[in-house]
Amino acid sequence: MSRLFDVRPNPHPKSEAERAAILADPGFGLHFSDHMAVAIWNPEEGWHDRQVRPYGPFQLDPAAAVLHYAQEIFEGLKAYRHANDSIWLFRPDKNADRFTKSAERLALPVLPHEDFLASIETLVVTDQAWVPGGGESNLYIRPFMFASETFLGVRPAKTVTYACIAGPAGAYFSHGVQPVDIWVSSQYVRAAPGGTGAAKTGGNYASSLIAQQEAYDKGCDQVLFLDGAEKRWVEELGGMNIYLVTSDGELITPSLEGTILEGVTRDSVLTLASEHGLQPVERRISIDELLDGIRSGKITEMFACGTAAVINPVGSLVTEQGRVVVNDGASGRYTDELRRALLDVQYGRVEDTHGWMHKVC
Ligand code: COI
């Protein structure tokens, strides 16, 4: 394991009893481990001050550029504890690649892959007691980078902070792994050609929130966005990619088109498809084809996927015209199979034939 990050141990870590209570029921995104990784960039020194230090607030000037112009990117990946207590990451190289692409799109400095991985590995080793064991909980890891320069002019920042935090996580949806209802937004879009849709940047999520709130108001769990140019082509959910299974054995996901986030789980499912007798297909799919396909039975299953959500069945789509129920509102055979196959690799219950797992300790 590389050690580019100096460790400054937290003198006041949570007690074993506090940690055990959190690990017993972690929820998602609510609790964080005792340390965080941080590094600073400026044009003169490049990346420097690499540390794993006690988890705690940043001191940020009110004029810090990120607070005004949202020059920010992030990633999401997980550490899994295997039965023999070893700890593993799932395809961290894919997250490193995407972090680089997001940085380039947001005019942020590129963090070398070596630093990205070292920050995560050092944090996970330092806080290994926070990686849950048993069940399907894990340590959710959130690397991010933001414009920390104190400056209100609109230009790429000359002081940038990279950080990585982590916290134990259970199911993403508070109701566990149940079919979710999806609101199809006809008013709002999340991305346009030439925009930032393919980057993992906070602004994409900020602009999705009004539609996400609309989804909650309609009794749904998530929002589905259509393309920005024609409002015709299915793109992705507020924080997940989507997949459809057809009666003739195709597993279809919308092609990326530069406006859709290139999900690591999305990519892994494309690889797993043929091992489950499905033909993987990336292509444009219109909202009419989707709704008609569900109504006619041509589309037999639909699921959402992402690092946080893993694979989660979709129970229905809700539009201004009404509700269309998928597979009688139940999870489908392939959805369950693919979810199980992915989790089995991640938790080390089957051989990692694709070389996806990366051992940390
Ligand atoms: C992830 O799946 O890791 C994400 O970043 C999406 C977010 C909705 C939690």
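First, a word on classes. Ala, Val, Leu, Ile, Met, Phe, Trp, Tyr, Cys and Pro count as nonpolar; Asp, Glu, Lys and Arg count as charged; the others, Gly among them, count as polar. Also keep in mind that this is a predicted model.

Now the largest pocket. By those classes, its lining has 15 nonpolar, 13 polar and five charged residues. The lining is made of 33 residues. Which of them lie nearest the centre of the pocket? They are Tyr172, Tyr205, Gly239, Met240 and Ala308. The space in this pocket comes to about 670 Å³.

Where does the lining come from? Two or more residues come from each of β7 (138–147), α5, α6 and β15 (299–306). Helix α5 gives the most, with five residues. Both domains take part: domain 1 (6–169) and domain 2 (180–346) each contribute at least three residues to the pocket lining.

How many cavities of 30 Å³ or more does a search of the whole structure find? One. Strand β5 (77–81) supplies the largest share, three residues. Helix α6 (264–273) also supplies at least two. Here too, domain 1 and domain 2 each give at least three residues.

Let's move to strand β10, residues 222–226. Is this strand enclosed or open? All five of its five residues are buried, so β10 is largely enclosed by the rest of the structure. Take the faces in turn. On one side sit Gln222, Leu224 and Leu226; on the other, Val223 and Phe225; all of these are buried.

Now the neighbours of β10. Strand β9, residues 180–184, pairs with β10 in the parallel sense, over three bridges. Within that pairing, tryptophan 183 has valine 223 as its bridge partner. How does the chain get from β9 to β10? It passes through helix α5, residues 202–217, in a right-handed β-α-β crossover.

Leucine 226 stands opposite valine 234 of β11.

That's the tour. Questions, please.

Note on methods
Residues numbered from 1 in each chain as written. Predicted model: local features only at pLDDT ≥ 70, side-chain atom pairs only at ≥ 80, totals over all residues. Heavy atoms only, no water. Buried < 20%, exposed > 50% of the residue type's maximum accessible area, 1.4 Å probe, protein only. Helix = DSSP H or I, 4+ residues; strand = E, 2+ residues; numbered from the N terminus. Pairing = 2+ DSSP bridges. Right-handed = clockwise from strand over helix to strand, strands pointing away. 1 Å grid on protein atoms, 1.4 Å probe; cavity = no way out; pocket = protein on both sides within 12 Å on 5 of 7 lines; lining within 4 Å. Points joined across faces, edges and corners; volume = space filled by probe spheres on them. Domains from an automatic or database assignment.
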